[in-house]
Amino acid sequence: MTGTARAISSPVVLGDGRVMVAGGVTANIVALTANAVGDVSIYNNTTNTWQNGPNLALGRYGSPAVLIGGKVVLGGGVVGSVSSTTTPSTTASVEQYNPISNTWAGLVPMLEPRAAQAVGLTPMESALSTWGRERSRDHLPADGRAVRSIGVAQIHPDMGPGHGPGPVC
């Protein structure tokens, strides 16, 4: 694979059968650090080759990706670095990849930052983001181990056939 070796990335099959692997985390086990990355790699199963794609605007990991109307939507995730002195945080940002123009664009953010959430399609082909976790310095006790679960379902606006705002449950 081209790009950075990483874990906890977001894979998705594109409409033409290629496979995109976006974001992820790199780790240095000697220094005990980890960093979110914005690298994107695209695998072509016809030619058995990898190519670099355009980077995400925000490096992230633990963010699901879904194909909607031929475009990839990737939202939330964990951003930042982990070390003995830093703690990562979650994000509410959402990005959309257009394979025709080979570009990413920002979309309306989710209502709450979340990571490790489930994402699916509604019958109207809008993205539905459910549950997830939030972890940030604002919610951490002294031991730094708290993770707050988010039990909110959200239909994301600007996605789906009408691209109009969707209801929030």
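## Report on a predicted all-strand model

Residues 135-152 keep a pLDDT under 50, and the model has 42 contacts beyond four places in sequence for them. Over the protein, the mean pLDDT is 77, with 69% of the residues at 70 or more. Among the elements, the lowest mean pLDDT, 44, belongs to strand β17 (residues 148-149), and the highest, 96, to strand β2 (residues 19-22).

**Overall composition**

The protein has 18 strands and 0 helices. Of its 169 residues, 42% are buried. Its accessible surface is about 8700 Å², and carbon and sulfur atoms account for 58% of that area. Among the contacts with a separation of 6 or more, 46% are between residues 24 or more positions apart.

**The sheet β3-β4-β10**

Three strands form an open sheet in the order β3-β4-β10, and the pairing is antiparallel. Strands β3 (25-28) and β10 (81-82) are at the edges, each pairing on one side only. Strand β4 (residues 33-36) is joined to β10 by 2 bridges, and the two strands run antiparallel. Within this pairing, asparagine 35 stands opposite serine 81 of β10.

**Strand β12 and its partners**

Strand β12 (residues 94-98) is mostly covered, with 4 of its 5 residues buried. One partner is strand β8 (residues 71-75), which pairs with β12 in the antiparallel sense over 4 bridges. Another is strand β13 (residues 103-107), also antiparallel to β12, over 5 bridges. Valine 94 takes part in both pairings: glycine 75 has valine 94 as its bridge partner in β12, and leucine 107 is the bridge partner of valine 94 in β13. The pair β12 and β13 forms a hairpin with 4 residues between the strands, and asparagine 102 in the turn has a positive phi of about 55°.

**Aromatic pairs**

The count of aromatic pairs is 2. Tyrosine 43 and tryptophan 50 form a tilted pair, with 5.1 Å centre to centre and 50° between the planes. In the pair of tyrosine 97 and tryptophan 104, the ring centres are 5.3 Å apart and the planes lie at 50°, so this pair is tilted as well.

| Residue | Relative accessible area | Class |
|---|---|---|
| Glycine 38 | 14% | buried |
| Serine 41 | 0% | buried |
| Threonine 91 | 12% | buried |

Glycine 38 lies in the loop between β4 and β5 (40-44). Leaving out residues up to four places away in sequence, glycine 38 touches Asn55, Leu56 and Gly59. Its C-alpha is 6.3 Å from the C-alpha of arginine 60, a residue 22 positions away in sequence. Glycine 38 counts as buried because its relative accessible area, 14%, is under the 20% limit.

Serine 41 is located in strand β5. What does the side chain of serine 41 make a polar contact with? The partner is the side chain of arginine 6, at 3.1 Å. With a relative accessible area of 0%, serine 41 is buried.

Threonine 91 is in the loop between β11 (89-90) and β12. A polar atom of the threonine 91 side chain lies 3.1 Å from the backbone nitrogen of serine 93. Beyond four places in sequence, threonine 91 touches Leu58, Arg60, Gly76, Gly77, Val79, Met110, Pro113 and Arg114. Threonine 91 counts as buried, because its relative accessibility is 12%.

Technical notes. Residues numbered from 1 in each chain as written. Predicted model: local features only at pLDDT ≥ 70, side-chain atom pairs only at ≥ 80, totals over all residues. Heavy atoms only, no water. Pairing = 2+ DSSP bridges. Buried < 20%, exposed > 50% of the residue type's maximum accessible area, 1.4 Å probe, protein only. Contact = heavy atoms within 4.5 Å. Areas by Shrake-Rupley, 256 points an atom, 1.4 Å probe, with all protein chains shown as cover. Phe/Tyr/Trp six-rings, centres within 6.5 Å; stacked < 30°, edge-to-face > 60°. pLDDT = per-residue confidence, 0-100. Polar contact = N/O pair within 3.5 Å; in protein donor to acceptor, adjacent residues only side chain to side chain.
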